Amino acid sequence: MSRSAHPAGPRHADVLPEGHYSAPPADLNALDPKVWSRTVERDERGTVTVGGIAVTDLAEEFGTPAYFLDEADFRARCRAWADAFGPDADVFYAGKAFLSRAVVRWLTEEGLNLDVCSGGELTTALSAGMPAERIAFHGNNKSEEEIEKAVRAGVGRIVLDSFQEIVRVAHVAQSLGRRQRVQIRVTVGVEAHTHEFIATAHEDQKFGIALAGGQAAEAVRRALKLDGLELVGIHSHIGSQIFDMAGFEVSARRVVQLLTEVRDEHGVELPEIDLGGGLGIAYTSEDDPREPHEIAKALNEIVSRECEAAGLRTPRISVEPGRAIVGPTAFTLYRVGTIKPLDGLRTYVSVDGGMSDNIRTALYDAEYSVALVSRTSDAEPMLSRVVGKHCESGDIVVRDAFLPSDLAPGDLLAVPATGAYCRSMASNYNHALRPPVVAVRDGEARVIVRRETEEDLLRLDVG
Ligand code: LLP
């Protein structure tokens, strides 16, 4: 595509329309390692590379938009979590963040466990060889079929989310002549500091059984009585994209309190607690996430301290990070189509994807970073909004960003930290074709989820 000249658009110094931005970065060509995956860098020509391959070559071979996943980074993050928690704890990768068969194989090889929350995720996991005993099955409304599939497969645990489900799972297990290992998910009454839609431990929402009012204690009472169930622990997940450890501390304390009550009432020490996922990642340079070893240290300390005080044996801890493992490992590559400078406002840069490949900006007001990756530029920073090609004005990928004012149609832009909840929440809105996921490692790139085609669209349309 040829580069056409266009007016530079508003400059940051002339106008300051409302938005979530501060001053433009000192160097628009710099790639902040906080938001880019480990092997991303610029080569001597100024082109960004991942796993040693230039984005221009990737775009040519795989097209745009596309997600490029840095496999070495993914594996390194799995190992960092596993090492941080050590052999006496379990790390379950939350498959909802992004799941494919290649990912399942990497997890299996790196020694992680897997949390699934639907029959589809379970099928994907089993079909790629994840041992069933390393799978935890979640969900607030699992169907009988899903429960049966999970029990038959022999999943390591089912996380019970309601009184009805306690009975349902017990019934299915018993009718199959099994005793299913289960945990009970409780809501601990913590207000996690995150977007309302992704906070899950306050009481007024659909997940879990409240500790308040003795509900969770009653759930334990019922589960302990049922032959089809082996109650092994208590589960709590307080929300997502959380930076502050205080919520996890309160949650751990309250879960241990419940374990103490269970011991006092039933003489049973439940051997496991799961503190869920939800650890935040850097989407922009302003975010400061915790390292896995800091998180592990903080959680281990709280749990052991509380257990010691209560005279309980310290239970085996598990955690379920999804975003913190896969989020930082991928970027979405887009090609610039049209560029519209709006006087006194900002420049709208349209790319060839949008809310169908990243709904998070529209849904949660999420912030992202973006960079020109096919070349460097010394042009002035231009206040921009990166938008998609869908038929609505909320179709925003990056709300506020500075891009070089010589940006032109045909340039490649990359949005980092799109590994989690982008492909997994992608849609066919406007009959968009969902982009591929390409794994890149040591100079090799291979498609792990292929691009949808128009034939795929028509195949489902059987009317
Ligand atoms: N465990 C449970 C029980 C969960 O419900 C979740 C996320 C996780 C673990 C993993 O959370 P993570 O470590 O990935 O934050 N679509 C939203 C996030 C929804 C998260 C739902 N549950 C987003 O794009 O931010």
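## A pair in helix H9

Glutamate 301 and lysine 297 sit four residues apart in helix H9 (residues 292–310), so about one helical turn separates them. This comes from a predicted model. The two side chains form a salt bridge, with their closest N and O atoms 3.4 Å apart. In general, side chains of opposite charge can pair when their charged atoms come close.

How open are these two partners? Glutamate 301 is partly exposed, at 42% relative accessibility, while lysine 297 counts as exposed at 54%.

## Bridges between loops

A search of the whole structure finds 32 salt bridges, and some of them link separate parts of the sequence. One of these joins arginine 375 to aspartate 411, where the closest N and O atoms are 2.8 Å apart. Arginine 375 belongs to the loop between strand E16 (371–372) and strand E17 (381–387), and aspartate 411 to the loop between strand E18 (396–404) and strand E19 (412–416), so this pair ties together parts that are 36 residues apart in sequence. Both ends are hidden away: arginine 375 is buried with a relative accessible area of 14%, and aspartate 411 is buried with a value of 0%.

Another salt bridge brings together the side chains of arginine 434 and glutamate 452, at 2.7 Å from N to O. Here arginine 434 lies in the loop between E19 and strand E20 (437–441), and glutamate 452 lies in the loop between strand E21 (444–449) and helix H12 (454–460), so the pair connects parts that are 18 residues apart in sequence. Arginine 434 is partly exposed, with a relative accessible area of 23%, whereas glutamate 452 counts as buried at 13%.

Salt bridges can also share partners: Glu71, Arg75, Arg79, Glu109, Glu110, Arg441 and Asp442 are joined into one network in this way.

## The buried side of helix H4

Which residues of helix H4 (residues 119–127) are buried? They are Gly119, Glu121, Leu122 and Ala125. These residues cover an arc of only 160° around the axis, which means that they lie on the same side of H4.

What do the buried residues of H4 pack against? Their neighbours are helix H3 (101–110), strand E6 (113–116), strand E7 (135–137) and helix H5 (144–153). Just after H4 comes glycine 129, which takes a positive phi of about 90°.

Notes
Residues are numbered from 1 along each chain as its sequence is written. This is a predicted model: local features need pLDDT of at least 70, side-chain atom pairs count only at pLDDT 80 or more; totals for chains, interfaces and linings use all residues. Side-chain values use heavy atoms; hydrogens and water are left out. Buried means under 20% relative accessible area, exposed over 50%, partly exposed in between (1.4 Å probe, protein chains only). Helices (H or I, at least four residues) and strands (E, at least two) are DSSP runs, numbered from the N terminus. The arc is that of the directions from the helix axis to the C-beta atoms. Contact means heavy atoms within 4.5 Å. A salt bridge is a side-chain nitrogen of Lys or Arg within 4 Å of a carboxyl oxygen of Asp or Glu.
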